[in-house]
Amino acid sequence: MKKYFKVLALVLVLVFAAAIFMTACGSKDSSDNGSSAAASSSVATAPAKLITVGFSQCKADESDWRKANTKSVQDALSEANGFKLIMADSNNDAAKQVSDVQGFIDQDVDYIIIAAVNADGWDTVLGNAKTAGIPVILMDRTINASEDLYNCWLGGGFYKEGTKATDWIAKTFPDKTKTVNIVDIQGQLGASAQVGRSQAIDDGVKANSNWKLLARQTGNWSTDTAKEIMTSWIQQYGDKIDVVYAENDNMADGAMQALTEAGKKVGGKDGIKIISFDANKAYLQRVLEGKINVDVECNPLLGPGVAALIKKIEGGGTPNKKESVDESAFYFDTITQADIDARQY
Ligand code: GYE
């Protein structure tokens with residue numbers, strides 16, 4: 001019996017030891033599995049090849065709008081979203097921009113995005129991109145090249161934006177017997193945003209015989225340049241100016257500074273009327289204060305839209321040639337705090 005119990009005890013000990021050993025092996029296995037799973041999953045989840053995108057920006061900090069636009073693209077085309085973004089800032093030098101784009105072609109990037117400084121001069125380099133088989137997406141600014149030289153354009157309707165402003169002038173100055181003196185502070189000459197907005201006020205003046213375009217000059221999207229221009233116009237035209245048509249918020253700011261420093265009443269019902277474009281949050285505050293009479297929206301948050309277009313082409317899809325974003329306008333006598341609070345840029 002003793003011998004029998006000894007054997008039984010020995011067997012039990014062995015079984016018990018085996019069980020402990022097996023569980024230890026089992027957990028290792030799972031970690032194995034984990035690691036092997038991780039290994040297999042790490043094999044399985046090796047990061048997909050990043051999509052390399054060459055982004056040719058006109059001048060990354062030329063205005064509040066452009067800063068928001070640059071950030072929108074950088075955020076959307078991040079590595080976390082599967083992109084490798086290479087940005088070239090042309091510093092608003094059209095010739096440099098074309099060579100930046102040629103640089104992207106030489107680097108054999110997967111996609112090229114262009115916010116064109118100037119609408120002209122693109123045929124050759126876009127022909128090279130096409131030969132290299134690199135899709136080109138135009139963002140914000142349009143160009144004067146044949147449509148088969150780029151895949152699609154995403155942006156705002158600059159002429160239409162301008163007509164929202166001229167419609168407001170027509171409504172605000174109904175007396176056709178009274179002359180309405182307008183000055184136009186233009187964006188950088190040749191940029192499609194400038195071309196469209198300037199064309200709209202030209203057509204407004206053509207259509208309204210009592211409207212007079214007293215003066216126009218490019219402020220290159222800059223507050224300081226616009227302030228200098230406005231200061232000289234105040235000296236030249238004094239109280240004759242009825243409307244300032246500033247082709248972006250930063251230039252409207254410059255004009256308002258010059259007018260205020262010259263003791264002129266700005267905005268509201270009885271001041272010199274201020275029209276602006278972009279509708280950045282800080283400037284909508286000026287609309288609420290009645291300083292800016294009309295601010296026509298132009299949406300800079302184009303990054304997610306561009307990312308979606310790339311993914312569409314990646315997936316074998318063909319985007320529409322033109323994709324315009326929705327835009328509104330804000331008026332000093334109807335804007336609300338809620339409009340401003342809702343602003344993302
Ligand atoms: O109005 C201006 C920016 O192309 C719409 O460029 C854009 C214009 C915008 O610098 O502020």
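**Close-up views of a predicted model**

View 1. Gln188 is placed in the loop that lies between strand 6 and helix 6, where helices (H or I, at least four residues) and strands (E, at least two) are DSSP runs numbered from the N terminus. The structure is a predicted model, in which local features need pLDDT of at least 70 and side-chain atom pairs count only at pLDDT 80 or more, while totals for chains, interfaces and linings use all residues. Residues are numbered from 1 along each chain as its sequence is written, and side-chain values use heavy atoms, with hydrogens and water left out. With a relative accessible area of 15%, Gln188 is buried (buried means under 20% relative accessible area, exposed over 50%, and partly exposed in between, with a 1.4 Å probe and protein chains only). Not counting residues up to four places away in sequence, Gln188 touches Asn92, Val117, Gln194, Thr218, Asn220 and Trp221, contact being defined as heavy atoms within 4.5 Å.

View 2. Six strands form an open sheet in the order 7-6-8-9-10-12, with mixed pairing; two strands pair if DSSP finds at least two bridges between them. Strand 7 (211-218) and strand 12 (329-331) stand at the edges with a single partner strand each, so one side of each is left without a neighbour in the sheet. From one strand to the next, the twist averages 15°. Strand 10 (residues 294-297) and strand 12 run antiparallel and are joined by three bridges, and Val294 has Tyr331 of strand 12 as its bridge partner.

**View 3. Strand 9 within the sheet.** Strand 8 and strand 9 run parallel and are joined by three bridges, with Val243 standing opposite Lys273 of strand 9.

**View 4. Helix 6 across the strands.** Helix 6 (residues 192-207) lies across strand 6 (180-186), strand 7, strand 8 (243-246) and strand 9 (273-278), and runs at about 160° to strand 7. Axes are lines fitted to C-alpha atoms, for helices over the stretch in contact, and angles run from 0 to 180 degrees between N-to-C directions.

**View 5. The packing of helix 2 and helix 10.** Helix 2 (residues 64-76) packs against helix 10 (residues 303-314) at an angle of about 40°, and their axes are 7 Å apart. The two helices, helix 2 and helix 10, are therefore oblique to each other (angles under 35 degrees count as roughly parallel, over 145 as roughly antiparallel, 65 to 115 as roughly perpendicular and the rest as oblique). Ser72, Val73 and Ala76 of helix 2 make the contact with Gly303, Pro304 and Ala307 of helix 10.

**View 6. Asp100 in helix 3.** Asp100 has its place in helix 3 (residues 94-106) and is buried, with a relative accessible area of 13%. When its neighbours within four places in sequence are left aside, Asp100 is in contact with Ala88, Asp89 and Ser90.
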